[in-house]
Amino acid sequence: MKRENPLTGLSAEVAAVTLATSLYLNIRYNVISLTLEETIVLVVCSVLGFWWGYNRIEESGITHGTLIWHRIVKPGTRATKCTLHDLAQRIVAFDFLVKFGEETKDIQQAQKIVSDFETIAFDELAMDEELRPSPAVREQLADEISTETSLFKRDGYRRIANILFEEQSKDEEKIRLILVFCREHVKAGDSLETGETIHDIKSGITRALSTSSCDFEQQNETAEWLLTAYGNAYDAIHHDHSLYADPLTGTPEDDLNEYYSAFIESFLPFRDRHALSEELFSTIIEVVDRGELDQSAVAKDVHDLIEKEKQRVRSEFENRDAYLLMSWGGVLSKYQSPELRETLQDKYPNHIDFGRKGNESEVSDLPEAIKLTFHIIFTERHFSSADEFLEDVLKFIPDNKIESGFVTAYKLEITDPAYEPERSDVEAIVPDEAKKQLDLIEFLETGTGSRAITETAIDNLLGRKVEVNELLAAIPANVFVEATPKQEDAFNGAYKDIKQDLKINNLYDWARYEPEEVVDAVVENVEEDVASEEEWLEISEQLVVSAKQCERAATT
């Protein structure tokens with residue numbers, strides 16, 4: 001589907017406002033003589049132009065604030081930086097000032113991340129004061145964040161916790177980090193001042209959980225410790241109440257099961273809830289990404305919210321720069337420099353690693369012995385040139401590594417891809433595996449894929465603008481059917497009539513029936529003879545069981 005360009009709407013609004021302002025000034029100072037009729041016509045044109053532009057922006061799914069920020073303010077800032085860099089190349093002293101200004105800006109942003117972490121951990125969550133960083137440690141943290149991670153709280157907070165809590169056990173470090181992320185999640189709006197989204201904060205929680213020994217399913221000691229700490233800090237995290245003791249000590253007021261439900265619902269919907277969680281979440285993403293939500297009014301509202309958020313997320317991703325980074329001599333080799341390679345992945349998480357590649361053609365003019373390591377990297381901050389990007393990379397590569405090899409960077413322009421046949425036609429005919437490769441191509445365009453954009457949008461909305469039960473209710477039950485292609489086609493063709501006979505309004509309604517009741521409606525409405533009654537009964541069981549599992553996921 002072709003996406004409308006909201007800039008045309010903004011241009012119409014600007015033109016309308018300019019015309020109206022000119023008319024006002026003309027009436028006041030009588031620069032040009034206009035009759036009353038001419039003035040009325042121009043006023044009407046101004047109103048209609050503004051109305052048309054406003055509606056065009058609304059139809060694009062992008063808010064005015066997002067549009068102005070990402071399409072005007074950010075490009076304008078980049079253009080200014082590029083101009084300054086061009087001037088700096090001509091004047092050596094100016095080059096120093098520009099670089100010094102950028103380094104200072106990075107340090108200031110890193111210091112803000114350290115300050116925000118300290119405020120949450122020690123002022124709001126009352127963690128042990130002995131762990132609070134000294135001024136010297138604050139400087140060290142800011143320096144490491146500005147040079148060795150992205151300037152995102154998702155990555156900066158992890159580095160801070162690793163240093164501040166290094167004398168505590170690994171599980172205690174992760175629990176403290178998770179509590180800080182939870183509080184950051186509650187305080188944040190749609191996006192943070194660092195440019196990251198709620199999805200990024202949730203991914204920080206998920207990563208901290210996965211690197212701890214916490215096991216909610218087995219209810220092990222670490223899981224109880226986390227829920228106890230979360231329970232103690234619950235009012236401080238969710239309601240801005242003051243906390244007077246370290247949340248990792250003491251006993252919460254309510255049962256841990258209540259805090260478990262609140263934690264999962266608020267920060268990790270569908271995750272770690274039961275065996276179906278990841279599979280269920282994956283199915284939901286696929287359904288939403290393909291635009292296959294149910295046709296009910298509730299489903300339409302959910303769909304509209306998700307589509308608007310997807311547009312907002314995509315507009316942010318489309319502003320990312322792409323670079324080709326090549327190295328030789330083991331500088332970023334998986335085997336010779338695993339720590340540097342891991343640092344590269346932490347600092348620039350959105351990239352494709354091609355590993356070492358050589359010339360395998362027998363007729364190419366390229367040298368046979370060429371062995372370079374390739375990365376395509378999408379940066380979360382803007383660099384005015386490949387030189388500036390490479391300088392950022394070199395901050396964490398020791399000089400002795402460069403002496404035995406080299407690193408080179410090229411800025412990529414990946415726009416306007418050509419498809420044969422058209423992409424919309426490809427998506428309609430290719431199997432699921434090939435669609436994943438199309439998603440990779442979209443990653444090359446935006447620094448992420450369509451599925452990732454959908455997942456980010458859902459994560460940003462869940463528990464804030466869309467409840468879990470609303471999203472699940474919008475999922476059509478037939479997506480859970482596993483049968484032969486002919487049986488699936490026949491069932492999908494009769495799906496609307498089956499729902500009508502059973503008075504099904506949403507996914508949860510299927511859970512009210514027994515499979516034997518459902519199969520009667522299936523057999524009555526499916527016209528093609530592609531399955532026996534026993535096979536249709538098995539499919540009916542799939543529907544009922546899946547609906548009940550989703551109902552549990554929405555209410556647990």
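Me: Which residues form a nonpolar patch on the surface?
Reply: Tyr24, Leu25, Tyr29, Val31, Ile32 and Leu34. Together they have about 640 Å² of accessible area. Keep in mind that this is a predicted model.

Me: Where is Tyr24 found?
Reply: In helix α1, residues 6–29.

Me: Switching to rings. How many aromatic pairs does a search of the whole structure find?
Reply: It finds 16. One of the pairs is Tyr323 with Phe389. That pair is stacked, with 4.3 Å centre to centre and 10° between the planes.

Me: What parts does that pair tie together?
Reply: Tyr323 lies in strand β1 (residues 321–328) and Phe389 in helix α14 (residues 386–394), so the contact links parts that are 66 residues apart in sequence.

Me: Are Tyr323 and Phe389 buried or exposed?
Reply: Both are buried.

Me: And why is the pair of Tyr495 and Trp510 stacked?
Reply: Their planes are at 10°, and under 30 degrees counts as stacked. The ring centres are 6.1 Å apart. Tyr495 is buried, and so is Trp510.

Me: Where do those two lie?
Reply: Tyr495 is in helix α20 (residues 485–502). Trp510 is in the loop between α20 and α21. The two parts are 15 residues apart in sequence.

Me: On to α21, then. Which residues are buried there?
Reply: In α21, residues 515–525, the buried ones are Pro515, Val518, Val519, Ala521, Val522 and Asn525. They cover an arc of only 165° around the axis, so they sit on the same side of α21.

Me: Last one. What lies over the face of Phe165?
Reply: Arg176, at 5.7 Å from the ring centre.

Conventions: Residues numbered from 1 in each chain as written. Predicted model: local features only at pLDDT ≥ 70, side-chain atom pairs only at ≥ 80, totals over all residues. Heavy atoms only, no water. Buried < 20%, exposed > 50% of the residue type's maximum accessible area, 1.4 Å probe, protein only. Helix = DSSP H or I, 4+ residues; strand = E, 2+ residues; numbered from the N terminus. Arc of directions from axis to C-beta. Patch = residues over 30% accessible without salt bridge, like charges linked within 9 Å, V, L, I, M, F, W, Y side chains within 5 Å. Areas by Shrake-Rupley, 256 points an atom, 1.4 Å probe, with all protein chains shown as cover. Salt bridge = Lys/Arg side-chain N within 4 Å of Asp/Glu carboxyl O. Phe/Tyr/Trp six-rings, centres within 6.5 Å; stacked < 30°, edge-to-face > 60°. Lys NZ or Arg CZ within 6 Å of the ring centre and 35° of its normal.
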